[in-house]
Amino acid sequence: MRSLLYILTCCLFFLSASSLANEKKDRIKYWQNKIPNYYYQADSFRFWMNHMKEDVKQNNDLSLKAKWYNYWGNYYRYNRRPDFAIEGYTKAISISKQLNDQKTLSYSFFNMGRVHQTYLSSDSAVVWYKRALEIDKTLNDSLGISIDYTSLGSVYYSLGQLKEATACYINALQIKEALKDSIGIAIVLNNLGIVFENIDSFDKAYSYYNKAEAIFKRYNKHIQRAKALNNMGTMALRLKEYDKAFNLLNQSLILKEAQKDTFSLVSTYRNLGLIHQHKKEFSEAYNCFKKSLELSIIAENASGQANALLSIGQNYSYLDKKDSALYYYQKAEAKSTQLSDFHFDYSLSQAMVSVHSHFNNFEQALEYSLWSRVLLDSLHNVDKINKITRMEMNYQFDQYKAKQELILEKNNLHIKQQRLTIAFIIVALLTALTLLILLYRNNQFKKKNIKQLQEANDKISAIFQNSMIGFAWVDNERIIRRVNPYIEEISGYSKEELIGSGIQKFYSSEEEYVAYGQLMQKSLQDKGSFEFENQLKRKNGSLAWIKASGKLINHENESLGIIWAMEDITQKKKNEVYLKLFKQLADTSRQGIGIATLQGEIVYANPYLAKITPIETGDRANKIWNSYPAHLHSKLKNEIIPHALKEGQWTGELEQIIRDGSTIHTIENIFVIKDKHGTPLYLADIITDITNKQNIEKQLRQSNETQNLMLSVISHDIRGPIGSIHQLAAILDSNIDNLDQHELNDFIHQVKEHTGKAYNLLEDMLLWAKNQTGALQFTPTSVQISSLIKDSISLYEELLTQKKIIIQESLSFNDSLKADKDMLHSVIRNLLSNAIKFSPQHSTIEIHTENIENSLHVKVVDHGVGIDSNTLDKLQSYSSNYTTRGTHNEKGYGLGLKLCQKFVEAHNGKLTITSQVNKGTTIEFFIPIS
């Protein structure tokens, strides 16, 4: 029997545990389906996240809590707050490690990769994605592995590592095909299309885009389909298939606008503008470019802004409005400092050459022309690299296809033999074809070789002549054989004076010539080159600092001498001296000095700034506004920094968060550091801490206000009661024998009343003075508020009887709280006294107490004369003394109300007054119970 009970108990326990496990899985599945739908909708997201938080709290479910932090991070990542996103993912990682929940840990690492890829660093994104991939491989999670490889491919593509990107996409594609994940296959195919388009393999790229678009269309994936259509349209535009491009881009535009995909719309509008521009529809082109610019500003897309500005400038140039064209080219050039795009820089340089030539600015036109030549050479190099990469990637992708074929061939031996035979024939044909192509291209190369060499020589000659670096050919005897114009500029000698002479004329002494000659000779023997900095003697005898480098020239094992390169670094040396002086001054300064990029990244902080704020030099993630309170972030980014960039500087008072988390008050001078051309490079901020000064000024101001208040009360308010007592005493002294008992009692009552008023006023003044000087100590004890109220009412029983006023009590708060009993008693006594004073006969005064949100709430309501807004402002001001009269001509001094405000604030509470003339006054205060 006992064994049977044991078995039944175990079964019940198992069923219960199974039920709980299923319930937990259902909850997780519920939130996984619910939360991601609201990442873009702030109100809905907060609503569901709060519900999920309550679920986590009620069930004490750490696994669900980790997912909650991941969803929180995803929301802030979508809404461009990477700092909050990283905070959420970090907490999710910590909980996942604590639970050893490898799947959630992998998901958290993956999310970290996404936020780093989008906002911070592609290199760090690779690290996070690889950590996620390692865990998913351990878990044998095919879907997770495919997603990791897809994301790694995208970040490798952004880094320009196309072979690595292709390898990742191929791995992802293999897994997606095995899983029969159609949407995943389409995403990878679209990404492969982008990679192959990047290396000008257009047929293959278009094939991948087309397959991806068809899948997205079949499954109604509008955002992804819009991107695939945009990619096909962009490629058609590059191939100058304008009608096809226009049709594809318009389809993409309709889908993107329906989905409100702001970031993607930037490029679509610009490409449509380029098509209109080609068709000479300049008005339509301008509207498209303008729309692209507006959207790129909203999306904070620097590349989109630069390209839109360049396109608008080109549009004006086609309309022969060169002034407007130059204006937009200059804006595009300023924005391009944030980019690293050779194609954009080349297009901009070509445009600048054209517009400066139009205005006869030949010096600027020549400068941009030289720069465009350098960029063109760089683009040629990129094209060569792309050709090599294309061959490697095609081979890499063909290897993948071959591997897929081998997997299929294992299922049918006969098919395998046929395919091997076909493959052998194809390889043989391809080999033969390749050999024929190579022979043909080799023959063509030989024909063009002489022409290309001549063109290359012309280019080298042009660079040599126009370079902003001095070049010289010096033979083995150290005789100058050839120089470019910049050598003449540096040295002050003419070409004729230099050629055929020795290089010793550049040195100020024979000893220096010998010493540098030995150094140069040794370096040439060891490395075949040399590099050093020294002073060059000019023709006029002055000295210039130069950076000299050289390399041996050999042709068919015969030394032809050395090619020298010289760069004038005189200004750089002067700047180094200035920089050293600046650093000495900055390092010892008692003012905070910081320098940041135009995007707000800190590049220098002097020791004092690093001491008082969280700012540290070189912390690229530490933006300049992170050391300010949150309410100033928007003002800094949207008002102060733009003002400084526009006007050159901004000066004003701000607040800074220091290392202990508290706030200081500062005077700050933010100004712009520019280069010699006037282009802004950095923002400098000089910070002076004025907190102590403000505190001292505040204390002096309060002291003066207190002194003035005391003098006012003494000279006006105490004088009245004392004067009345003095007059009554004089009357009693001269007429006491003539007064009957009733008159005598009346005089004594008046003396008592005036003495009481003077005593109460003196007591309030004493408490006020002690509070202002710090002599009044805050001493919290356990206090029963209802007892204090009843004691205060008993003090005014006689006055209440005289005015026939009824007190109505509603004392819901019956607990004790920690408070200073004397201060609290003084507050209640003053509020009750004021209510009686300004209430008419036969009226009612209400006193209420209750607990509201863990705070004591006390409310005193009278139905008396009330206070107008002007008088109320004066009564609440610490710096003014205002006297009022009660319903029986009782004098009110306002000092008691000021004490009430001070004493409530001492309890971290708040006192408020609302009043209407002839309707009454309500005074209430809140004090935290804890």
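**Close-up 1. Aromatic pairs, starting with Phe196 and Tyr208.** This predicted model holds 11 aromatic pairs, counting rings of Phe, Tyr and Trp (its six-membered ring) whose centres lie within 6.5 Å. In the pair shown, the ring centres of Phe196 and Tyr208 are 5.7 Å apart and the planes meet at 55°, so the pair is tilted; planes under 30 degrees apart would be stacked, over 60 edge-to-face, and the rest are tilted. Phe196 sits in helix α9 (residues 182-198) and Tyr208 in helix α10 (residues 202-218), 12 residues apart. Helices here are DSSP runs (H or I, at least four residues), numbered from the N terminus. Both rings, Phe196 and Tyr208, are buried, meaning under 20% relative accessible area, with exposed being over 50% and partly exposed in between (1.4 Å probe, protein chains only).

**Close-up 2. Tyr316 and Tyr328, a stacked pair.** Here the centres of Tyr316 and Tyr328 are 5.7 Å apart, with 15° between the planes. Tyr316 belongs to helix α15 (residues 302-318) and Tyr328 to helix α16 (residues 322-335), so the pair ties together parts that are 12 residues apart in sequence. Tyr316 and Tyr328 are both buried.

**Close-up 3. A ring cluster, and charges over rings.** Tyr69, Trp72, Tyr75, Tyr76 and Phe84 are joined into a cluster by ring pairs. Elsewhere, the charged end of Arg131 sits over the ring of Phe109, 4.3 Å from its centre, and that of Lys279 sits over the ring of Phe246, 5.1 Å from its centre. To count, NZ of Lys or CZ of Arg has to be within 6 Å of the ring centre and within 35 degrees of the ring normal.

**Close-up 4. Lys103 and Asp136, a salt bridge between helices.** The N to O distance between Lys103 and Asp136 is 3.5 Å; a salt bridge needs a side-chain nitrogen of Lys or Arg within 4 Å of a carboxyl oxygen of Asp or Glu. Lys103 lies in helix α5 (residues 102-120) and Asp136 in helix α6 (residues 122-139), so the pair links parts 33 residues apart in sequence. Lys103 is partly exposed at 40% relative accessible area, whereas Asp136 is buried at 1%. Salt bridges also link Lys103, Asp136 and Asp141 in a network.

**Notes.** Residues are numbered from 1 along each chain as its sequence is written. In this predicted model, local features need pLDDT of at least 70 and side-chain atom pairs count only at pLDDT 80 or more, while totals for chains, interfaces and linings use all residues; side-chain values use heavy atoms, leaving out hydrogens and water.

Key: Helix = DSSP H or I, 4+ residues; strand = E, 2+ residues; numbered from the N terminus.
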